[in-house]
Amino acid sequence: MATTAQLFEEPFDADEYIERLAWRTPGGGSKGGAEAFDPKRLLDEFTNHIEELKQLDEKIQRKVEKLENQCHREAKEFAHKVQDLQRSNQVAFQHFQELDEHISYVATKVCHLGDQLEGVNTPRQRAVEAQRLMTYFNEFLDGDLRSDVFNNPDKIKEAADIIQKLHLIAQELPFDRFSGVKAKIASKYHDLERQLIQEFTAAQRRGEIGRMREVAAVLLHFKGYAHCVDVYIKQCQEVKKLDETRHSDVEQYLKNLYDLYTKTTALATKLTEFNLGSDKHTFLSKLIKSIFSSYLETYINMEREYLRTRGGQILQRYYDSKNHQKRPIGISGIQDLKERIRQRTNLPLGPSIDTHGETFLSPELVVNLLQETRHAFERCHRLSDPSDLPKNAFSIFLLLVEHLCVEHIDYALEIGLAAIPSSDAKNANLYFLDVVQQANSIFHLFDKQFNDQLMPLISSSPKLAECLHKKKEVIEQMEVKLDTGIDRTLNCMVGQMKHVLTTEQKKTDFRPEDENNVMIQCTSACSKVCAYVSRQVEHVRKSMDGKNVDTVLTELGVRFHRLIHEHLQQYSYSSMGGMLAICDVAEYRRCAKDFRVPLVLQLFDTLHALCNLLVVAPDNLKQVCSGEQLTNLDRNLLHAFVQLRADYRSARLGRHFS
């Protein structure tokens, strides 16, 4: 064993080390039994290994001494460097003290110079200001205001400062000599004051607090400052206008109530920054309550009434635009009974409704309803008492369910179900999948509003369970109708395929008169069915999403396979006819690949293997029936396919199944 320092790294076990050394020594371990044990050889190995360990110890000791010397040398060098840095730091500190003293000296000189300059500049500024005021005074004296400051609306602040000073100067002048100029200055004074009050009012309406503060600071030096306060109070008292719109325009009333209450609470929040007493929050809350209590008590009733009316108007406007008179759903009577039986069976109880491809689902209508409901949830959150908030939000949600889910989506599903033709209809137009697609898209929007708008309002209240139950109930009701419609639509698709096969497929297709003059290709009926199936598969993919695509395509594929399987069992096949049948099934299998469903492809693979029984040589029939794809099938099914062969009796093929 090579002796290195790595062998003694932690964790080190001396007993294990000795055992490993003995095991590696030939004749030193238990390998070979007691006869193979050689103590002399083991002793020699231990002696040699001890010498190696001594040499390794000396080598490591020399290395340790070398590293210690290097460490001492570097420690001395580091100490010298630290001493040099300390000396450099002392020198730098002395320079810093000298620089600080010099800066203090310069600053003292600058301050002294500044005081001297200010003593000279202040009288000069006063003289310049006096000259400027005298220039403007001369313009009033001449009656011609040429300066841009009086003619530019953007410089109203500068003009106000000048006219306020001129107005003070004019009051000191004798009336008999300066009556004209005093009147002009007073007129301009009142004109600018009026413009500033108008600007303050406009800024308040726009909600520009900074501009209001700026204009108020200018007006503070005018005599009409009290008018500014009056205007502000008047604007704040616009809540009185609520009574005017309370009965005449409910929509505007709700918007005004929401805006005014929001602005008032925001103002109260800003007022808490000032010293209004120790209990300022309670004081402001009581003040707001005294102003709005009569309006908030009746808020939710007006909100519900508005949403009920508004939702009905949106729905009626949409159906009027389609020239559609809503059919009563769920009424009693013979016609209603026929409709319900026709929806649940394939019995032809009269013609279906012709919607001309109209789904009666409108994204625009849905957006309008959701927009109105979103505004209602926002108002409900702001205007409802915290204890009543979940109950009020739930009542708004019920109205949304009524208008969107019941009156619109559910009605469209009922119309769509009534418009699905019977399975034996010819050239039927299937629009129900379009209804499914739009209904899914609309319900995704409904679900998004439920999570984004309603859940935050009810998440911590008992109303949450009621909302979730109501939503689940609505979903289940729609899913039942969607499933029914999809099932009947698939029946119609299969009916269309069956009609094509019945009218296009001929018995001579699989028993041609001239066996030697036949082109080996799929039949016309097969080509038309495959083209139809491909279109319907694409239609399903566009109309469904998620796992629903695979579920519907699986069901369609199984029914498609069942139809072809039953269809093939209606004919008798010659040897060449069997080849044509295999071509047809191969084409059906290629079409089945578009489904992208393993089960459907497997079914058609099995059907293709069954069709091979129509052409296989009689002697090989038993071997083919035992093949990988057919061995697990019922022998009666295999026998039934073999019976379709034209040579079944002549070749005595039944003996293979007896």
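Helices here are DSSP runs of H or I, at least four residues long, numbered from the N terminus. I'm keeping that in mind throughout, since this is a predicted model.

**Overall look**

I started with the secondary structure: 22 helices and 0 strands. Of the 658 residues in the protein, 35% are buried. I then checked the contacts with a separation of 6 or more, and 74% of them join residues 24 or more positions apart. The accessible surface comes to about 40400 Å², and carbon and sulfur atoms hold 53% of that.

**Helix 2**

I looked up V106 next and found it in helix 2, which runs over residues 39–142. Its relative accessible area is 38%, so I logged V106 as partly exposed, the class between under 20% and over 50%. Together with Y105 and V110, V106 makes a nonpolar surface patch of about 290 Å².

**Two positive phi values**

Which loop holds N323? I found N323 between helix 11 (299–321) and helix 12 (334–344). Its phi is positive, about 55°, though N323 is not a glycine. N323 has a relative accessible area of 75%, so I put it down as exposed.

F360 is another non-glycine residue with a positive phi, near 60°. I traced F360 to the loop between helix 12 and helix 13. Buried or exposed? F360 is buried, because its relative accessible area is 7% and the cut-off for buried is under 20%.

**R379**

I moved on to helix 13 (residues 363–383), where R379 sits. R379 counts as buried because its relative accessibility is 7%. I skipped the neighbours within four places in sequence and listed the other contacts of R379: L254, Y258, Y299, E303, Y306 and S384.

**Helix 20**

Last stop was a length check on helix 20 (residues 598–611). With 14 residues at 1.5 Å each, the helix should span 20 Å, and I got 20 Å between its end C-alpha atoms, so the two agree. The expected span uses one less than the number of residues.

I noted the buried residues of helix 20 as V600, F604, T606, L607, H608, A609, L610 and C611. What do they pack against? I found helix 18 (547–568), helix 19 (575–592) and helix 22 (635–642) as their partners.

Definitions and conventions:
Residues are numbered from 1 along each chain as its sequence is written. This is a predicted model: local features need pLDDT of at least 70, side-chain atom pairs count only at pLDDT 80 or more; totals for chains, interfaces and linings use all residues. Side-chain values use heavy atoms; hydrogens and water are left out. Buried means under 20% relative accessible area, exposed over 50%, partly exposed in between (1.4 Å probe, protein chains only). Contact means heavy atoms within 4.5 Å. Accessible areas come from the Shrake-Rupley method with a 1.4 Å probe; for residues, only the protein chains shown count as cover. Patches are made of residues with over 30% relative accessible area and no salt bridge: like charges are joined within 9 Å, nonpolar side chains (Val, Leu, Ile, Met, Phe, Trp, Tyr) within 5 Å. A salt bridge is a side-chain nitrogen of Lys or Arg within 4 Å of a carboxyl oxygen of Asp or Glu.
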